[in-house]
Amino acid sequence: QVQLVESGGGLVQAGGSLRLSCAASGLTFTSYAMGWFRQTPGKEREFVAAISRGGISTYYADSVKGRFAISRDNAKNTVYLQMNSLKPEDTAVYYCAANLNLPAVTANRYDHWGQGTQVTVSS
């Protein structure tokens with residue numbers, strides 16, 4: 001069965017950095033575009049970043065552009081989210097998602113989801 005397992009979340013001070021990882025199994029990783037989303041209580045799941053199957057094309061929400069970077073290592077079946085210059089408003093549960101063939105910015109387009117990892121940014 002398909003599994004996406006996020007790791008790397010934690011508590012960090014504003015201005016700091018964190019690197020999230022998402023390890024995928026049970027799927028042909030190179031057939032899937034990957035995305036990161038985040039969610040806070042009372043809000044719908046928000047697009048953060050996405051990357052194409054080969055890692056050539058990347059997409060970012062305006063709120064994280066220039067601060068976050070998505071990447072993937074297809075040899076390791078892993079997608080990463082490097083988060084720099086973190087702000088308290090980045091606090092959320094971050095979810096990894098996989099979408100067959102094409103990247104997307106809408107959560108309901110994705111086929112598979114991880115369980116999420118908490119990121120907390122203190123002021």
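Two strands pair if DSSP finds at least two bridges between them. Five bridges join β1 to β3, residues 18-25, and the two strands run antiparallel. The model is predicted. The points below cover an open sheet of four strands, one disulfide, the surroundings of F68, four aromatic pairs and two arginines placed over rings.

- At the edges are β1, residues 3-7, and β7, residues 68-73, each of which pairs on one side only.
- On average, neighbouring strands of this sheet are turned by 15 degrees against each other, with direction ignored.
- In the pairing of β1 with β3, E6 stands opposite C22 of β3.

**Disulfide**

- C22 is also one end of a disulfide, with C96 at the other end and an S to S distance of 2.0 Å.
- This distance meets the criterion, because a disulfide is a pair of cysteine sulfur atoms within 2.5 Å.
- By that rule the count is one disulfide.
- The link of C22 and C96 is left-handed, with -75 degrees about the S-S bond.
- Distant parts of the chain are linked by this pair: C22 lies in strand β3 and C96 in strand β9, residues 92-100, with the two cysteines 74 residues apart.
- C22 has a relative accessible area of 0%, so C22 is buried.
- C96 likewise has a relative accessible area of 0% and is therefore buried.

- The relative accessibility of F68 is 4%, so F68 counts as buried, the cut-off for buried being under 20%.
- Apart from neighbours within four places in sequence, the residues in contact with F68 are R38, V48, Y60, L81, Q82, M83, N84, L86, D90 and Y94.
- From F68 to L18 the C-alpha to C-alpha distance is 9.6 Å, while the two residues are 50 apart in sequence.

**Aromatic pairs**

- The structure holds four aromatic pairs.
- One of them is F37 with F47, an edge-to-face pair with 5.6 Å centre to centre and 70 degrees between the planes.
- F37 is in strand β4, residues 32-39, and F47 is in strand β5, residues 46-51; the pair links distant parts of the chain, 10 residues apart.
- Both F37 and F47 are buried.
- F37 also pairs with Y110: the ring centres are 5.2 Å apart and the planes stand at 80 degrees, so this pair is edge-to-face, as planes over 60 degrees apart count as edge-to-face.
- Because F37 lies in strand β4 and Y110 in the loop between β9 and β10, residues 112-113, this pair ties together parts that are 73 residues apart in sequence.
- Y110 is buried, as is F37.
- F37, F47, Y110 and W113 are linked into a cluster by ring pairs.

**Charges over rings**

- W113, a member of that cluster, has the charged end of R45 over its ring, 4.8 Å from the ring centre.
- R72 lies over the face of F29, with 4.3 Å to the ring centre.
- Both distances, 4.8 Å for R45 and 4.3 Å for R72, can be read against the cut-off, which is within 6 Å of the ring centre.

Key
Residues are numbered from 1 along each chain as its sequence is written. This is a predicted model: local features need pLDDT of at least 70, side-chain atom pairs count only at pLDDT 80 or more; totals for chains, interfaces and linings use all residues. Side-chain values use heavy atoms; hydrogens and water are left out. Axes are lines fitted to C-alpha atoms, for helices over the stretch in contact, and angles run from 0 to 180 degrees between N-to-C directions. Buried means under 20% relative accessible area, exposed over 50%, partly exposed in between (1.4 Å probe, protein chains only). Contact means heavy atoms within 4.5 Å. Rings of Phe, Tyr and Trp (its six-membered ring) pair if their centres lie within 6.5 Å; planes under 30 degrees apart count as stacked, over 60 as edge-to-face and the rest as tilted. A charge sits over a ring if NZ of Lys or CZ of Arg is within 6 Å of the ring centre and within 35 degrees of the ring normal.
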